[in-house]
Amino acid sequence: MFTPSRTHTPGSAGSSRRRSAAPFTLTPRRSQLTGSKSSLVRRSGLYPRSSPAESSILGSPSVSTVYNTTNYTVETAGSSLPVLVNEAITLADKSERITVEINDNGWAWLVCGRKLFVWRFKQGVSKNALCKEFALPPLSSSDGEHKSSLIYVGKATDSPDEGIVSLLVVTPAGGVRFWPNIIQNVSSTLEGNLDGIGANSSDEECIRLASVRGHGYLVGTSKGALFHIIPSLDSVHCARLQVSHGMLAGIGRRVSSFFFSSSQEIDLTNFITLHTSSRSAPEIIMLTSSSLKKWKLGSIGSGNGTDHMVAQADLNTLLREPISRNIWNVDAKEFSMYPLDIALGSKHNHVVILIAIGDKTTSSSGRTLLRFVICNCPPAVFKEGQDIASVSNSLEVHLLEHTESTRNIDDCDGLCYQLLIPNVTSSAPDQAIIWRENNIIIRSIARGDQQEETLPLESTGDNVLGTGKYNGKCVLLTNTSGLLIINPNAMNRSYISQNIEDSILQTPSSSRPQTPLSSLPGTPVVSKAKIEQLESSDNGSQRIQAAFIHFNRLNIIQAKSIIEEAFGGTGSRRTLDDSVIFVSQELIDDYPAQDPRWAESVPQDSGNSSSSLILLHQLQDKQKAHQLYLNFLTEVGIWENLGNYADSKNKRKTCSQWLLIEHGEKLASAIALRQKHAEHQGVVDIAIRKVLERRDKIFDKRGLTPQDVFYREVSRIQDILEGLLDVEEDMISNSNLSSREIFTSVAGVNEIFEAMLLSAHQYRRSHDLSLQNQDTEFSPWTISSGRHSVREAVVRQHHITSSRGLPVAEDGQQRAVLHSHLVSLADIVLSGYKQQLDSVCNSASLSARSDELTSAFKRHRTALITPILDAGLIDKAANLAEKYHDFGVLVELCDRKDDQDRLSQYMTDFATQGFSDFLFNWYLERGKYRKLLECASSNALAIADYNDRLAEFLSSHPKIAWLHQIRTGDFMAAHDTLQYLAAVESHSTNKKNNLLSLSKLSAVFSNESDEIIEQKVESISSQQALIRYQETLPGSVLEKLGMTVDNMPVFTVQKLIELYIGDENVASNEVDFKKALDLLEFLPQTMEDEPEEMDDELRSEQPDVEAIKHYIWCRILLKDSWENIDHSSNPLEACKHTVLSKTLNLAQDAGVLADYLPDVERLLEQEELGPIRESASSQYLIRARFEHVHRQLAAS
């Protein structure tokens, strides 16, 4: 310890804002040293107590107390400063600015003018602290001055060798000097320069330097630029990080609606590096005066695109609503926002921001009231896909008690505060240090703890030169007291108050010891005996309670030891889950034992999580205690080892983590209900009585009210919803009530439903619990299904609002209120379904349940959105339909407005959800083919993408596909599709002919070669020739069939032959028989030459052309009476008049007779010929006629 010869008032370390003293008086909170009562008062039931004081974290037991407040003790570090450092502080000129950095790697450095002092404050092997002095590069008057925030000392590599320590110095003007190893050689240096900083850019200077593990260093400038520095063996490589070209490269479309790119770079406040694995690229969060930016760092330089900005958030958009709700309890208020500092908050990458709020409306005339808030941003803030509402709702805002006022905000010391989070190894931020050179504020930011204390520096003339952290504690260097450490007060070190701690010590499930603990002398002895009793119990719940007490007293090692001993063995997983859930439920259903009215009702083994007599305070105390319980489960390692809890009452398995969060949700809902109770007291009181009557509860004992009994049992808080519905329906059915009274009743119940369920949902979001248990359905109390479930209650209330509430609304204002309720209730139900479906859709074992849920979801989605649409709330209905993928509503709305651009956007947004197929089917089912083919944006890329999707869809709808193919110029594909349609067409000859004609045209207009086109055209012409045979059927035949040429179906070749020569054509002649023979060419060839292994069934389906040919000739022969022909003279002349001769002559004239002639021997053996087979004269004439034809053909 040293005693300076005079008091020196240095500047603020590392601050980019240097301002003169403010023209107003700051009145800090007084501490115990000044006798102020305010610092001694515990502000809530959750305040710190502790066990005996610890030795110095820096290794020396020689410590002394410098400051002492209610909850904290400021002690010396236990070792003196190096002589060089002591002299520098003592002898520094008043005009010289001293800045100090204390790093958690055990090194500290002090800058005074051009002198740099580096020393090892962590006590190691050497008894004396290692200290070295360096001369910093000279600076011109325009270059500013050296400061500790632009210097870094530490190991150059990740090597465990403590003998390699490097030093990097960056000047405000961008000069870089690097010492590779200050332990062995202080004369060896490397130099570099940051381009664009210095004389040519006098308005931009370097203000912050940080080391990035394994990736060199980062330097931030006053204009928001970042430089990446990587030293090598012979040089120092420096490069500016550039924003990628192109709008928001690397940022998803949904994110870009919230995270945006700004072309105007504004003042940098600070930046931090996030925790990442050794194999992952480092990530940086940068705070400017108007935004948060996230960078991902790759290899050196940005020319190869490896360094890039991932996202950017506007602070005004992100923080204004949460801050307004916290300070003024309104959604948005106008105020000035001044970001002061940013710090990493936890091992899970919580980001903590210190903001000053300027509000002229709440201060005296002409002055601005300056408030301070700490915003805790969970890791989800920068997740891609987050929308602004969910991000803002997940922020925690802590309003400091400390305020200042000023006439000139630009010259205010209040904007010089800096932020420090000492412990970043916990799961969530628990404590923040806010400081400037003459003021230190210690603020708890853990859930359930809002303590704030101010260290009395001004009263002693002490000033802070710099701060840092080491082993989770805040370390600071002052000009009079030296190196100091802030410790929790040794007399009061626990997260919870004594009465809550005593309640946890109660044994909830087993008998108490025979000797009453209350009879043991002295409270400390009693507490110790109770803890020992719980520790030695065989009951897992009691072991957890004992560990919880040790945790709250900061005896973390003892707490973990108890848990390991109780649940470390195999087979204890289920016991662990049961015990954890049991303690949680006991906590939320605890009795307010301090209330004398409960004396006879409180079970002997009950705990006491609240000492308040006021219901709302009882619930809030339970909420604080339960949050501490969750923190305990996380910190001692229970949380990550939890499995499933088997609920014997509901006969289902539930993820234990979900169930614990559910308990917190019910507490949040109970508080919301209680806060709405007074506003709707009549309805709620009656509903509570109905609930208690169903439970057979007695509530009039010793003055207890129904409210006392109902609010005590938080685990069943959902019962009130059904009670409210019953009361509401009773009131609506009362014919004596006016329309206004019915509206008031419906609106009031809606408000209660919304308050309770939205509070639960917000609690769930704030805990960011992922659906990691893939084999368990996520079904918390707010979305469970069943007759008496919360979901059915909300759907029932939605129906009452639309069917009974809206019809009695008397004006637009009342309708607007109910409209808002309809949208909110629908959103609550559908968001629950979405979470539930997400938990089962990827599990094979839950596939049946997934189908069941999907069906119920679609049913309720229609039932909930349709009334909103019917009420004329087009935009609200569209928003819900977009959010929950009700494509039917979206398509119908777009079709009404003929909004093709929005349809194209939906096709892009919901590409993976099947929107395109739904849209195409919707148009097909309604016969809107033109819209189906034309619903594309004017954007060329959108049209191309749309056409590809439509082509894929229409591949199974050829009747429309050919139109799309022609529209897109794919004529050969259209030809193939039309030919296929013609081939399968059987109902209309005209339609088939038209399809063939279109197919022929498509082939002609295609880009294929002439040879291929000619082949295609010939094939189609052949098919059209067959159709002409059908079109020329005798009119008598068509009349018999009841058909005309225009309505004929398509006949097969065999059918046509039969119609020409069969019984239907009584007047058949040689022309008809000639056509029948012509039709033989349209039959496929016989399969005599096919392989023997061909399938018999396939072979049997092929027509026997020869058999059909013989059948035709048989019908020709049977047309004449051959027995009556006189063949005594010339047989050829005798049969000249027969149909046989006439048919032969026609075929011979057409030049096709050779192809049509039958095998005469086989022909005359056909059974169809009947008596001709037995008549020699008939056979003579027939043979003679065929012989004549054969001779003629042979001669020719």
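The legends below describe an overview and several close-up views of a predicted model.

Residues are numbered from 1 along each chain as its sequence is written, and side-chain values use heavy atoms, with hydrogens and water left out. Because the model is predicted, local features need pLDDT of at least 70 and side-chain atom pairs count only at pLDDT 80 or more, while totals for chains, interfaces and linings use all residues.

**Figure 1. Overview of the chain and its secondary structure.** The chain comprises 38 helices and 31 strands; helices (H or I, at least four residues) and strands (E, at least two) are DSSP runs, numbered from the N terminus. Of its 1196 residues, 52% count as buried, where buried means under 20% relative accessible area, exposed over 50%, and partly exposed in between (1.4 Å probe, protein chains only). The chain exposes about 54,100 Å², of which carbon and sulfur atoms supply 48%; accessible areas come from the Shrake-Rupley method with a 1.4 Å probe, and for residues only the protein chains shown count as cover. Among contacts with a separation of 6 or more, 61% are made by residues 24 or more positions apart, a contact being heavy atoms within 4.5 Å.

Figure 2. The side chains of Glu665 and Arg764 meet in a salt bridge with an N to O distance of 2.7 Å. This pair links distant parts of the chain, with Glu665 in helix 11 (residues 656-677) and Arg764 in helix 15, 99 residues apart. Both Glu665 and Arg764 are buried. A salt bridge is a side-chain nitrogen of Lys or Arg within 4 Å of a carboxyl oxygen of Asp or Glu, and a search of the whole structure finds 36 of them.

Figure 3. Arg325 and Glu321 are joined by a salt bridge (3.6 Å, N to O). These two residues are separated by about one helical turn, because they are 4 residues apart in helix 3 (residues 315-327). Arg325 counts as partly exposed at 29% relative accessibility, as does Glu321 at 39%. In the second pair, the closest N and O atoms of Glu679 and Lys676 are 3.7 Å apart. Glu679 counts as exposed at 52% relative accessibility, whereas Lys676 is partly exposed at 24%.

Figure 4. Glu728 belongs to helix 14 (residues 719-732). This residue is buried yet has no salt bridge, and the nearest side chain of opposite charge, Arg796, is 7.1 Å away; Lys and Arg count as positive and Asp and Glu as negative, with His and the chain ends not counted. Arg796 is itself linked with Arg694, Asp726 and Glu729 in a network of salt bridges. Leaving aside neighbours within four places in sequence, Glu728 contacts Ser745, Val746, Val749, Gln797 and Ile800. Gln797 and Ile800 are among the buried residues of helix 16 (residues 790-805). The cover over the buried residues of helix 16 includes helix 14, helix 15 (739-766), helix 17 (812-840) and helix 18 (847-870).

**Figure 5. Surface patches of negative and nonpolar residues.** Asp1010, Glu1011, Glu1014 and Glu1018 gather in a surface patch of negative charge. Glu1018 lies in helix 28 (residues 1010-1031). Leu998, Leu1001, Val1004 and Phe1005 form a nonpolar surface patch, with about 370 Å² of accessible area together. Leu1001, in helix 27 (residues 989-1004), is partly exposed, with a relative accessible area of 47%. Patches are made of residues with over 30% relative accessible area and no salt bridge; like charges are joined within 9 Å, and nonpolar side chains (Val, Leu, Ile, Met, Phe, Trp, Tyr) within 5 Å. The place of a charge is taken as NZ of Lys, CZ of Arg, CG of Asp or CD of Glu.

Figure 6. Glu205 lies in the loop between strand 10 (190-193) and strand 11 (206-211) and is partly exposed at 28% relative accessibility. Its contacts beyond four places in sequence are Asp143, Lys147, Pro172, Ile197, Gly220, Thr221 and Ser222. Asn471, in the loop between strand 27 (464-470) and strand 28 (473-478), has a phi near 55°, a positive value in a residue other than glycine. Asn471 counts as exposed at 58% relative accessibility. His885 has a positive phi near 60° and is found in the loop between helix 19 (874-884) and helix 20 (887-897).
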